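Work through the following exercises with the sequence and the model at hand. Each task is followed by a solution in steps.

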Amino acid sequence: MNVAIVGASGAVGREFLKVLEQLDFPVDDLRLFGSARSAGHSYSFKGKEYTVEELCDNDAFKGVDVAFVSAGGDTSKRFADAITRHGAIMIDNSSAFRMCDDVPLVVPEVNGDDALNAPRRIIANPNCTTIQMVVALAPIDRLSKIKRVHVSTYQAASGAGAAAMEELVDQTRAISEGRGPKVEKFAYQLAYNVIPHIDVFQDNGYTKEEMKMFHETRKIMQSPDIEVSATCVRVPVLRAHSEAIWVETAEAVSVEEAREAFAHASGVVLVDEPSNKKYPMPLFAADCDPVYVGRIRRDIANDHGLAFWAVSDQIRKGAALNAVQIALHMIEKGCFGR
């Protein structure tokens, strides 16, 4: 496989390198692309140094089989044709194409085969919060159709990039040293605080992040009638998002049935021993692959409801890992035969 990474200098771009190496992805040739500012920087992959090339509208992607793109929506839109015109599959981490009818939106554990029908040679990686939620929703949906979801997210600084993670560390240090914290990446100081505001507010009072969870869940789960209401909150955690999820199903699902489904679900690890204080936490999920699920209980406000808690690393399963898993699924299905 000839592989390209676009946005190689960003947090997700660097995570792509790590995931590709850890999963022993079949890389014959690797190309790294970035902005003019990133061009010339070098990164190591399997003991060899690779230099970032400036991303341009040219024929640089000729011969590339798959391009993992994480450079922002504007860049994805601007360079999509250059990336795909010679046959490369573009797996895009931005929101640029997620809701396009002719672009599949894929989480392999839920709808992996949707990636096999990509007429524009573009496959969209969902929003990080949506990815971990639908991985957890799918086992329940297979038991009984989910009608309604309420979710509150507790999102780490990593969701806003490497600079945001650094800002949280710097703010914490500044406060501990009696200095005023510097605020640039978020609307307010994140250290010792939570901010109920992620992305731009919409006319209906929800943020764009919250509406992504509404629209993307429907598309991925192929369930246009599922109702999703989200409140997205930034918390002072470096990486790994947490979600408190309430679901209402068509038929009642018992806690025991749900626990059994989670225990055998692909991509899910069950951590549900509250009597022993065992439940998922971002402290232990950081730099790990699965979606961890626990605190499973009957919703005492809804006879057909369940409540549970899910945690997953935003940079890995919420971004780089999911994209690489899409490519691996396509390899398994013979999509890159030469």
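**Exercise 1. Overall dimensions**

Task: compare the radius of gyration of the protein chain with that of a compact globule.

Solution. For 338 residues, a compact globule would have a radius of gyration near 20 Å; the protein chain of this predicted model has 20 Å, so the two agree. The C-alpha trace spans about 60 × 55 × 40 Å along its principal axes. Next, take burial: 52% of the 338 residues are buried, where buried means under 20% relative accessible area. Then take the contacts between residues at least 6 apart in sequence: 66% of these join residues at least 24 apart. Finally, the secondary structure of the protein chain consists of nine helices and 13 strands.

**Exercise 2. H4 and its two partners**

Task: describe how helix H4 (residues 128-143) packs with helix H7 (residues 255-263) and with helix H6 (residues 208-220).

Solution. Two packed helices are described by the angle between their axes and the distance between the axes, so these are taken in turn.

Step 1, geometry of H4 and H7. The two axes come within 9 Å and cross at roughly 125°. H4 passes H7 in a right-handed crossing.

Step 2, residues of H4 and H7. On the H4 side, Ala136, Pro139, Ile140 and Leu143 take part; they meet Glu257, Ala258, Ala261 and Phe262 of H7. Sorted by class, this contact has seven nonpolar, no polar and one charged residues.

Step 3, geometry of H4 and H6. Here the axes are 9 Å apart and the angle is about 45°, which makes H4 oblique to H6. The crossing of H4 past H6 is right-handed.

Step 4, residues of H4 and H6. H4 contributes Thr129, Thr130, Met133, Val134 and Leu137, while H6 contributes Glu209, Lys212, Met213, Glu216, Thr217 and Ile220. By class, the contact of H4 with H6 has five nonpolar, three polar and three charged residues.

**Exercise 3. H1 and H9**

Solution. Step 4: the classes in the contact of H1 with H9 are nine nonpolar, one polar and three charged residues.

**Exercise 4. Positive phi values**

Task: locate Lys277 and Asp287, and decide whether each is buried, partly exposed or exposed.

Solution. Most residues other than glycine have a negative phi.

Step 1, Lys277. Its phi is near 60°, a positive value in a residue other than glycine. Lys277 lies in the loop between strand E11 (268-270) and helix H8 (282-285). The relative accessible area of Lys277 is 65%, so Lys277 is exposed.

Step 2, Asp287. This residue is not a glycine, yet Asp287 has a positive phi of about 70°. Asp287 sits in the loop between H8 and strand E12 (291-298). With 40% relative accessibility, Asp287 counts as partly exposed.

Notes
Residues are numbered from 1 along each chain as its sequence is written. This is a predicted model: local features need pLDDT of at least 70, side-chain atom pairs count only at pLDDT 80 or more; totals for chains, interfaces and linings use all residues. Side-chain values use heavy atoms; hydrogens and water are left out. Axes are lines fitted to C-alpha atoms, for helices over the stretch in contact, and angles run from 0 to 180 degrees between N-to-C directions. Helices (H or I, at least four residues) and strands (E, at least two) are DSSP runs, numbered from the N terminus. A crossing is left-handed if the near helix is turned anticlockwise from the far one by less than a right angle, and right-handed if clockwise. Contact means heavy atoms within 4.5 Å. Ala, Val, Leu, Ile, Met, Phe, Trp, Tyr, Cys and Pro count as nonpolar, Asp, Glu, Lys and Arg as charged, and the others, Gly among them, as polar. The radius of gyration is taken over C-alpha atoms; the globule rule is 2.2 Å times the number of residues to the power 0.38. Buried means under 20% relative accessible area, exposed over 50%, partly exposed in between (1.4 Å probe, protein chains only). Angles under 35 degrees count as roughly parallel, over 145 as roughly antiparallel, 65 to 115 as roughly perpendicular and the rest as oblique.
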